[in-house]
Amino acid sequence: MRRLFALPRFLRLVRVLPPLAGLALLGGCWLDGPQSTFDVSGPVARAQLNLFYVTLGVTAFIFVTVGSVLAYATLRFRARTEADEHAAPPPQGHGNFFVEVSLVSASVLCLVIIAVPTLKAIWFTYDVPAAEAKDAYEVTATGSQWWFRFEYPKEQINGVGPLVTANELVIPAGRPVHVDLRTLDVVHSFWVPKLAGKVDMIPNRPNHLWLEADHPGYFYGQCAEFCGDSHALMRFRVIALPAADFAAWVAHQEEPARVVTPAAVAAAQRQPKVTLASWHGPAGAALSGSPGFDADPFAAWQEKQVPDPADEDPRLIAEGRHLFQEKTCIACHTIRGHEGVGITGPDLTHVGARTTIAAGVLENTPQRMHDWISNPNHYKPGNKMYNGGFVDPATGQRLIQLNDGEINAIVAYLQSLK
Ligand code: CUA
C-alpha cells in the first residue's frame, strides 16, 4: 500500500515547495519589495489586488473542497486487504439528480462571484472615472529600445513644444493621471507594480492606462514585454509630488538648461544651501546621499534637485559643454537652451536632477555616469548610444573617441544640469 502513495522520485522535490513558499512569506521578501503588487499605493493597483484576492479566495475554496473530498474518498475506500483488491466492483449508479444540480449550481455561482468584480475592475481600470476625468493630468509615455520618453502635453514651452523628460515620470500625488502609451519601435509594456498593472505599448495602435499615487513617493517601474537584448534593463521611475511641489517642478523643468558661470558659483557659495522644506520626509529626517539611495530613494531624488556649487568647477563644466558638441553627442540628445537637436536619445536638459541614468539601470552619480559613458554596451548590450553612436555596427569601426579626462568634463557638465 505504501508504494501506492509514494511519489515518483522526481516529483518528491515538490514537497519542499510549500515550506519554501512559507519562508518567503514570513521573510516578507515577496510581499513588500519595491515592485510588489501586494503593497499597493494607488486605486488602480488596489482594484487589481482586490480582484486577485477574490479570485484566490474562490479558487482556494474549490481547491480545499475538492481536495478534501478526493482525499476522503481515496483513504476511506482504499483496498485494505488482498481480498479487497480482487473484490467485484460495488453496484454502479447512473447519476444523482440532486448531486448534479448542486455541482452545476455551485460552479455557476463560483464563476459569478469572480465575474462580477472582474467586470467592475475592467471598467474601473480602463480609464479615469468620469467624475474625476476633469481633474485628470495627462502625460504621454513612449517606449523605445531601451528607455522611456515622457511628454507633458499640457506644459507647452514657447516655440519648442511640450515639456519632455526621460525615464523618470514626475506626477502629482492624489490626482488621477491618464497616460497615453506609444512606441517608437517594437512592443513594450508600461508597468508600475505599486500603481497600476501592465499595459502594452503597441506600434501603430494608440493605447492608454490611468494611475494615481495615494501619497507622494518614489515608485519603481519597468518594461514588461520582451523587446530585445536589453529588455530587462528598460526600467523607469515614477515620482509623485504634492500639488505645489509638482507645479514648482514643472516650472523649473520648463526653464532652459542651467548655465554654471564662475560668478554664479561664487554667489551660490555665499548663499545658504537651498532646501525644499515641503519635500522632506518625516520631520528631522536627513536627506540621504548616495550610500542611502536604496534606503530612501525619494529623499535621494529630492536631494538631486538641488545644485551643490561646492562640487562644481565652471571651467570643467564649460569644457564638457564644448565636448558635448565636438564629439557629436548633440546629434542624438537635446539640451534645451544649450546645444542639441537629437531626439534619438533621451532629452538631457535637466539630467543632473534625475536619480538614475541608462533608463533606471544605474544610479546617477558622477562615477556611474563615467562608467556608463566609458562603456555603454557593458551596461546595456545593443543600445544605440554604443551601436551607431560610438561604434559603426556595420564595420565595427570606432566613431567617437573619448579619453578619461574628456569623459570627466562631460560628466561634470551633465551633472550640472539640474
Ligand atoms: Cu521594452 Cu521590454
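Reader: Which backbone nitrogen does a side-chain oxygen of Asp313 reach at the start of helix 9?

Author: In this predicted model, local features need pLDDT of at least 70 and side-chain atom pairs count only at pLDDT 80 or more, while totals for chains, interfaces and linings use all residues. Residues are numbered from 1 along each chain as its sequence is written, and side-chain values use heavy atoms, with hydrogens and water left out. Helices are DSSP runs of H or I with at least four residues, strands are runs of E with at least two, and both are numbered from the N terminus. At the start of helix 9, the side-chain oxygen of Asp313 comes to within 3.0 Å of the backbone nitrogen of Arg315.

Reader: What distance separates the end C-alpha atoms of helix 9?

Author: The expected span of a helix is 1.5 Å times one less than its number of residues. Helix 9 has 13 residues (314-326), so it should span 18 Å, and this agrees with the separation of its end C-alpha atoms, 18 Å.

Reader: Which residues of helix 9 are buried?

Author: Buried means under 20% relative accessible area, exposed over 50%, and partly exposed in between (1.4 Å probe, protein chains only). The buried residues of helix 9 are Pro314, Ile317, Gly320, Leu323 and Phe324.

Reader: Why does Phe390 count as buried?

Author: Phe390 lies in the loop between helix 11 (376-379) and helix 12 (404-415). Not counting residues up to four places away in sequence, its contacts (heavy atoms within 4.5 Å) include Ile373, Pro376, Met385 and Leu402. Phe390 counts as buried because its relative accessibility is 6%.

Reader: How are the planes of Tyr137 and Tyr152 arranged: stacked, tilted or edge-to-face?

Author: Rings of Phe, Tyr and Trp (its six-membered ring) pair if their centres lie within 6.5 Å; planes under 30 degrees apart count as stacked, over 60 as edge-to-face and the rest as tilted. The structure holds 17 aromatic pairs. For Tyr137 and Tyr152, the centres are 6.2 Å apart and the planes 55° apart, making the pair tilted.

Reader: Which strands does this pair link?

Author: Tyr137 and Tyr152 are 15 residues apart, and their pair links distant parts of the chain. Tyr137 is in strand 1 (residues 137-144) and Tyr152 in strand 2 (residues 147-157).

Terms used: Polar contact = N/O pair within 3.5 Å; in protein donor to acceptor, adjacent residues only side chain to side chain.
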